[in-house]
Protein chains: 2
Amino acid sequence: MNLRTPGPIPVPDDILESMSWQMINHRGPEYEDLLYRTTEGVKRVFETENDLYIMTSSGTGAMEAAIVNTLSPGDKVVNVCVGVFGERFGEIAELFGAEVISLDFPYGSAADPDTIRQTLNDNPDVKAVLVTHNETSTGVTNDLQAIASVVKGEFDLLLLVDGISSVCSIPISTDAWGCDVVATASQKGWMLPPGLAFISFSERAWEAHEQAKMPRYYFDMAMYKRYYKIGQPPYTPAISVMFGLDVALKRILDEGMGSVYERHATIGKLTRDGVKDLGLTLFPDESVASDTVTAVNVPDGVDGGKFVGALRDDHSVVLTGGQGSLAGKIFRIGHLGYTTEQEIYEVLSAIKQVLD
Amino acid sequence: MNLRTPGPIPVPDDILESMSWQMINHRGPEYEDLLYRTTEGVKRVFETENDLYIMTSSGTGAMEAAIVNTLSPGDKVVNVCVGVFGERFGEIAELFGAEVISLDFPYGSAADPDTIRQTLNDNPDVKAVLVTHNETSTGVTNDLQAIASVVKGEFDLLLLVDGISSVCSIPISTDAWGCDVVATASQKGWMLPPGLAFISFSERAWEAHEQAKMPRYYFDMAMYKRYYKIGQPPYTPAISVMFGLDVALKRILDEGMGSVYERHATIGKLTRDGVKDLGLTLFPDESVASDTVTAVNVPDGVDGGKFVGALRDDHSVVLTGGQGSLAGKIFRIGHLGYTTEQEIYEVLSAIKQVLD
């Protein structure tokens, strides 16, 4: 099976093997070593000296954590939205009582920093800006550095980043760019099974935490901070995925982030070029197309659902369709984590056969 | 290493092996089969026809879910508390705005149904009762059936149960007893690594959900219900632990719950008898002592922390100390999941050697 969804992705053998290791006591010294070592490794990938916590949840749980730990009901926030996951970020904030100004850019395009600047000028009482770094639903990467330079550099606001399908695949400099909270999840560029989420938390985020009145318990960063000091998680963690993380980080840091990013950029371009060579068109503007997921328009006259089904059933190639209003209109090829050129050639070959 | 904490516990080899299986698409038909099959299996263990959802979190996440899905800020609840995890259940409710009447029984004793009846008589405006089935911190099992007959049979209130260290080890009849919400977690009697939580949700709980105003997103049961209908989880799940669950359920249901419960009762008694034979005393009243975890008083003159450390470092036996006010005063032996008599004999032998 050639699993090419935008996460989970095929996990390398050595990482899979570590998932079978026997349990250890998560409140003993054997876990303390694992926790400190993996946290330091994840921080290197985030390029951060901020606090960083490992939670047992999906990425959505980490998005909730980003919001409920820094905001109060009634706080005004701008949600920079370029797709389904951007909408989700705004929904979570609204549900917990924030006043959300939704700054929507058309699906397939990236967020425009100038428009963000204008919106922040028009709304001087905004407290925080929510941004999706890489929008999985449309295959678009926002220019987070440029957005951050507006949000932090010009307005000095709290910056909360959904980095779920970007971190460990697409360059991010958490501290240098001034991201206060960055949330991501294990089944993406980390080459791991799902089960863990990672969240970085700046000094500024801690200041916000002191004032933040949204209720939180499982996702309360203060509990993670308190327990981290004694080398423990506040609640029983997904230990097997922690074993996997330890092995994955060794691979990732041995390879070097430069090479990891270059690998993703190369495979992203290979995928886009290959898709175009088949006569298909990309859904997003190519200038902002993501290096972790390629969104492709379903050709006229083709049933998107049946197309994805035929790829799976007849060619063992697992792609994903569109979400929400994009259902049936696009299909998506995931190429995050460890993806070989051969795997992409197989996908392209299967697409060609199904469409012929 | 003889890991005898009250969860995680050593995982049998066939289950561990399944943790290494390659990823699948959690939004494809291959996951749908797994989701429906495991959910039905977990329901059999719960003895419920109610809805049941599998979440990626620790048991604490499921406790939060039990509360935020059924209550509103200002709702009055009685928290039946016999230890640290009972306190946690009340804390979560309070944090999300419930008015909590804490009905505390002394550590080491079980909750008294007559006192619960009296409290409910005195507080006719109570909406829900929170109960810990098995209190891991003190090694006590509450008589959930008797408590439920008061809460449901006499007062017809919402009954929220922390079944984290009981379900799949100690008999529970979710529907027959009238438990509206029961929360538990994978690293306990299920013989699995941590990472998944299970929560049952009755019709009555759904009625409460319609009125419940506590904010929730990641733990919103309505999302789980909506996605379950299309054979999917709302958010990316800990797929590897789902593989393990599938294998574990086959073992558990093949063995039969009668045998699983009997095995736990036998090993519980063996542990208590063995501890007493060493001249040690049980922390809880023996009549309410748990069959999943045995809490033992640290003998006078012995340093509880050093004792647990010596067992680990010199004998490869991993026990747990006391939590909160019980730190240093007790130690605890976990014997949930698949525990052999031989493993308990090794624990007893190691204790004897360290104390001699």
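Q: Is B:Asp313 buried or exposed?
A: In this predicted model, the relative accessibility of B:Asp313 is 55%. Since the cut-off for exposed is over 50%, B:Asp313 counts as exposed.

Q: Which residue meets the side chain of B:Asp313 in a salt bridge, N to O?
A: The N to O distance of this pair is 3.1 Å, and a salt bridge calls for a nitrogen of Lys or Arg within 4 Å of a carboxyl oxygen of Asp or Glu.

Q: What is the N to O distance in the salt bridge of A:Asp313 and A:Arg312?
A: In chain A, A:Asp313 is exposed at a relative accessible area of 56%, while A:Arg312, with 23%, is partly exposed. Their side chains meet in a salt bridge, for which the N to O distance is 3.1 Å.

Q: Is B:Arg263 buried or exposed?
A: B:Arg263 takes part in a salt bridge with B:Glu255, where the closest N and O atoms are 2.8 Å apart. B:Glu255 is partly exposed, with a relative accessible area of 31%. For B:Arg263 the relative accessible area is 19%, and because the limit for buried is under 20%, B:Arg263 is buried.

Q: How many salt bridges does the count come to over all chains?
A: Salt bridges can also be linked in a network, as they are for A:Lys269, A:Arg272, A:Asp273, A:Lys276, A:Glu286 and A:Asp291. Taken over all chains, the count of salt bridges comes to 40.

Q: How are the axes of H5(B) and H6(B) oriented, roughly parallel or roughly antiparallel?
A: The axes of helix H5 (residues 113–122) of chain B and helix H6 (residues 144–154) of chain B come within 9 Å of each other and cross at roughly 25°. Because angles under 35 degrees count as roughly parallel, the relation of H5(B) to H6(B) is roughly parallel.

Q: How many residues of the contact of H5(B) with H6(B) are charged?
A: H5(B) passes H6(B) in a right-handed crossing. The contact is made by B:Pro113, B:Ile116, B:Arg117 and B:Leu120 on the H5(B) side, and by B:Ala146, B:Ile147, B:Val150, B:Val151 and B:Glu154 on the H6(B) side. Of these residues, seven are nonpolar and none is polar, while the charged ones number two.

Q: What is the handedness of the crossing in which H11(B) passes H13(B)?
A: Helix H11 (residues 257–277) of chain B and helix H13 (residues 341–355) of chain B have axes that come within 10 Å and cross at roughly 20°, and therefore H11(B) and H13(B) are roughly parallel to each other. In their contact, B:Thr266, B:Ile267, B:Leu270, B:Thr271, B:Gly274 and B:Val275 meet B:Glu341, B:Ile344, B:Tyr345 and B:Leu348. The crossing is right-handed.

Q: How far apart in space are A:Leu249 and A:Met191, C-alpha to C-alpha?
A: A:Leu249 is found in helix H10 (residues 239–255) of chain A and is buried, with a relative accessible area of 4%. Beyond its neighbours within four places in sequence, A:Leu249 is in contact with several residues, among them A:Thr38, A:Val42 and A:Trp190. A:Leu249 and A:Met191 lie 58 residues apart in sequence, and their C-alpha to C-alpha distance in space is 9.4 Å.

Note on methods:
Residues numbered from 1 in each chain as written. Chains lettered and ligands numbered in written order. Predicted model: local features only at pLDDT ≥ 70, side-chain atom pairs only at ≥ 80, totals over all residues. Heavy atoms only, no water. Axes fitted to C-alpha atoms, helices over the stretch in contact; angles between N-to-C directions. Helix = DSSP H or I, 4+ residues; strand = E, 2+ residues; numbered from the N terminus. Parallel < 35°, antiparallel > 145°, perpendicular 65-115°, else oblique. Left-handed = near helix turned anticlockwise from the far one by under 90°. Contact = heavy atoms within 4.5 Å. Nonpolar A, V, L, I, M, F, W, Y, C, P; charged D, E, K, R; others polar. Buried < 20%, exposed > 50% of the residue type's maximum accessible area, 1.4 Å probe, protein only.
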